[in-house]
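Please open the structure in your viewer and keep the selection panel at hand. The tour below goes from one selection to the next.

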Amino acid sequence: MKITLIGFMGSGKTTTGKKLAEKLNVPFIDIDKEIEKNLSLSIPEIFKEFGETFFRKKEIETFKTITTNFNSAVISSGGGMPAFGNNMKILKENSVTIYLQTDFETLWNRIKNDPNRPLVKLGRDSVKKLFEKRKPFYEMADIIVDTTGKTPAEITETIEKKLKKIHKT
């Protein structure tokens with residue numbers, strides 16, 4: 001099974017993804033890290049040098065490569081990936097999508113001082129508008145997990161339970 005975690009920056013896709021992959025005994029693949037490795041540049045450098053559209057195209061190319069090369073994996077998508085082009089459709093066709101639903105205040109407090117998040121430089125109001133714009137795409141996920149007040153271990157446990165329900169039907 002291929003599982004793709006989606007959600008806004010700071011929602012815990014990487015942290016939860018690593019725990020979930022370990023529990024399911026499958027590889028964990030972070031799309032952002034794969035792109036950085038393949039281009040030998042950081043995400044901020046890629047945005048600065050090539051722009052966001054280039055980066056978004058690399059995200060879906062990388063996702064397609066991963067889903068072609070792995071029978072099972074937990075994949076962490078970039079925060080904007082589901083909202084670009086027809087990516088959400090592609091994600092859902094090739095994996096079980098799980099939205100890590102997190103309120104904006106929690107997200108903002110996690111990301112506001114992170115220099116590796118180029119969009120944070122736009123400021124709180126702009127980031128909140130971006131969050132609101134992306135939310136309808138996230139809500140198309142196969143599974144929605146409310147992460148409010150939960151530890152990564154609790155979130156992982158909730159995901160496992162929801163995945164079992166899907167496979168029983």
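A crossing of two helices is called right-handed if the near helix is turned clockwise from the far one by less than a right angle, and left-handed if the turn is anticlockwise. Please keep in mind throughout that this is a predicted model.

Begin by selecting residues 104-111, which form helix 6, together with residues 124-138, which form helix 7; their axes come within 11 Å and cross at roughly 130°. Angles from 65 to 115 degrees would count as roughly perpendicular and those over 145 as roughly antiparallel, and helix 6 and helix 7 are therefore oblique to each other. Helix 6 passes helix 7 in a right-handed crossing. To see where they touch, show the side chains of F104, E105, L107, W108 and I111 in helix 6, which meet R124, V127, K128 and F131 in helix 7. Of the residues in this contact, six are nonpolar and three are charged, while none is polar.

Next, select helix 4 (residues 52-69) and helix 5 (residues 87-94), whose axes also come within 11 Å but cross at roughly 10°. Because angles under 35 degrees count as roughly parallel, helix 4 and helix 5 are described as roughly parallel to each other. On the helix 4 side the contact is made by R56, I60, F63, K64 and T67, and on the helix 5 side by N87, I90, L91 and N94. Here the residues divide into four nonpolar, three polar and two charged.

Finally, select E157, which lies in helix 8 (residues 152-168). Is E157 buried, exposed or partly exposed? With a relative accessibility of 40%, E157 counts as partly exposed.

Definitions and conventions
Residues are numbered from 1 along each chain as its sequence is written. This is a predicted model: local features need pLDDT of at least 70, side-chain atom pairs count only at pLDDT 80 or more; totals for chains, interfaces and linings use all residues. Side-chain values use heavy atoms; hydrogens and water are left out. Helices (H or I, at least four residues) and strands (E, at least two) are DSSP runs, numbered from the N terminus. Buried means under 20% relative accessible area, exposed over 50%, partly exposed in between (1.4 Å probe, protein chains only). Axes are lines fitted to C-alpha atoms, for helices over the stretch in contact, and angles run from 0 to 180 degrees between N-to-C directions. Contact means heavy atoms within 4.5 Å. Ala, Val, Leu, Ile, Met, Phe, Trp, Tyr, Cys and Pro count as nonpolar, Asp, Glu, Lys and Arg as charged, and the others, Gly among them, as polar.
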